[in-house]
There are 2 protein chains.
Amino acid sequence: MTTDNSNSSSTEFSDPIDAVRPDDLRLEKFLPYRLSVLSNRVSNAIADAYSARFDLTIPAWRVMAILGRFPNLSAADLVEQTAMDKVAISRAVSILIKNDYITRSEDLADRRRQVLNLSQLGRDVYDRIVPLAQQYENDLMGSLSAEERGQLDSIIEKLMTRAQDWANRGLID
Amino acid sequence: MTTDNSNSSSTEFSDPIDAVRPDDLRLEKFLPYRLSVLSNRVSNAIADAYSARFDLTIPAWRVMAILGRFPNLSAADLVEQTAMDKVAISRAVSILIKNDYITRSEDLADRRRQVLNLSQLGRDVYDRIVPLAQQYENDLMGSLSAEERGQLDSIIEKLMTRAQDWANRGLID
DNA sequence: TAGCAGTGGTTACAATTGAAACCAATTTTA
DNA sequence: TAAAATTGGTTTCAATTGTAACCACTGCTA
């Protein structure tokens, strides 16, 4: 990751013409906006699909998805893995326990921690949702060429890193 | 600033059971999930930036962004342009009017319609936010090569179309 | 021109979300 | 070894959001 233009402070002079009169913002080409619209469309469609079949919210499904792959995590581990909020995890977990989709057991070594796992029922549901999720993804990806899929992967990685920098270092000013 | 728990603790997660169950969902590679994380990180960072400076929510800012480019729109026109919800527009508009950022005048030809425009104050704010927004976008885009920027543009277009199809045709099943 | 379906926009209410306060267990420090 | 600080997790409350009902107006139809 290069650190060149990390902080374009006001000590730099920009092209006077740009500075005098800002161009109008073309929202329909503005990346943050497009990302938001795209992400919402995709997430909502998929959420509809599995909330109709199983009784799962998006955060709840995410928790299951992680636990399906990484057993024996605590809520804090889930926060780390998913970048979701602590409270969202707590609520998702409590719903999932109520539905008997996951189990919670005390960690005797540290009695604040609670170790989470898919229950048998949860595993069954998981096994049925995964193909569904993959079908959606395949369908989405199917609109791209193999080459584009590779490009997208690396582009997302780069954008993610940059956005992450914002959060860590504070905002641009 | 949005919390992004960068807890690089040395906690070791148990091995992914990937080897045992090759069909598990790899959430961290799952496009809908990645899009959502990316979009949230980007939007939150930017929203923080301008809500700190001006008193604007994301929907309110979007309304201003559109009105800055296309004067004399009604709320319904805004719905069409932004793909935002009717109610969200109505609320954003009422906040913006309260702040004197936009004006509302009756359309005498159709007395249900109300024609919206940036006020002088709103125009001033707009002119100050646009460069800020562009700075964020430039910074994001700066992490990509010119080639990648072109690729991203066309990829987003394709994905958007596909996701749109889902909404129109009903879900995959 | 009365009746009725559609449109523009707001309101009301319920569900979701986030921030901050909080409790309990653990670790640190002096 | 007793505070003090930290960590894991939940609860509370307020703000945001989505859905549905709603009012006012228009325009079509008969």
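Let's start with a rule: a polar contact is a pair of N or O atoms within 3.5 Å, and inside the protein one atom must be able to donate a hydrogen and the other to accept it, with sequence neighbours counting only if both atoms are side-chain atoms. With that in hand, look at Arg104(A): one of its polar side-chain atoms sits 2.7 Å from a phosphate oxygen of DNA strand D.

Quick housekeeping. What you see is a predicted model, where local features need pLDDT of at least 70 and side-chain atom pairs need pLDDT 80 or more, while totals for chains, interfaces and linings use all residues. Residues count from 1 along each chain as its sequence is written, chains are lettered from A and ligands numbered from 1 in the order they are written, and side-chain values use heavy atoms, with hydrogens and water left out.

Okay, DNA strand D. How many residues surround DNA strand D? There are 17, and the closest are Ala76(A), Lys86(A), Arg104(A), Arg112(A) and Arg91(B). When I call a residue near a strand, I want one of its heavy atoms within 4 Å of that strand. Of the atoms of DNA strand D that come within 4 Å of the protein, sugar and phosphate make up 48%.

We've met the phosphate contact, so now the bases. Lys86(A) has a polar side-chain atom 2.7 Å from a base nitrogen of DNA strand D. From the other chain, Arg91(B) also places a polar side-chain atom 2.7 Å from a base nitrogen of DNA strand D.

Which elements give two or more residues to this surface? They are helix H4 (75-82) and helix H5 (86-98) of chain A, together with helix H4 (86-98) of chain B. H5(A) gives the most, with 4 residues. Helices here are DSSP runs (H or I, at least four residues), strands are runs too (E, at least two), and the numbering goes from the N terminus. By class, the surface near DNA strand D has 10 charged, 4 nonpolar and 3 polar residues. Charged covers Asp, Glu, Lys and Arg; nonpolar covers Ala, Val, Leu, Ile, Met, Phe, Trp, Tyr, Cys and Pro; the others, Gly among them, are polar.

Over to DNA strand C. Sugar and phosphate account for 51% of the atoms of DNA strand C that come within 4 Å of the protein.

Let's walk through some contacts. The side chain of Ser90(B) has an N or O atom 2.8 Å from a phosphate oxygen of DNA strand C. Gln114(B) uses its backbone instead, with an N or O atom 3.0 Å from a phosphate oxygen of DNA strand C. For Arg112(B), a side-chain N or O atom is 2.7 Å from a base nitrogen of DNA strand C.

The elements giving two or more residues to this surface are H5 of chain A, plus helix H3 (75-82) and H4 of chain B. H4(B) gives the most, with 4 residues.

Now away from the DNA, to the rings. A pair of aromatic rings is described by the distance of the centres and the angle of the planes. Rings of Phe, Tyr and Trp (its six-membered ring) pair if their centres lie within 6.5 Å; planes under 30 degrees apart are stacked, over 60 edge-to-face, and the rest tilted.

Over all chains, the structure holds 2 aromatic pairs. One is Trp61(A) with Tyr126(A), tilted, at 6.3 Å centre to centre and 35° between the planes. Trp61(A) is in helix H3 (residues 58-69) of chain A and Tyr126(A) in helix H6 (residues 120-141) of chain A, so you have a link between parts 65 residues apart. Both Trp61(A) and Tyr126(A) are buried; buried means under 20% relative accessible area, exposed over 50%, and partly exposed in between (1.4 Å probe, protein chains only).In chain B, the ring centres of Trp61(B) and Tyr126(B) are 6.3 Å apart with planes at 35°, so this pair is tilted. Trp61(B) counts as buried because its relative accessibility is 2%, and Tyr126(B) is buried at 1%.

Ala83(A), in the loop between H4 and H5 of chain A, has a positive phi near 60° in a residue other than glycine. Asp100(B), in the loop between H4 and strand S1 (102-106) of chain B, has a positive phi of about 60° and is not a glycine either.
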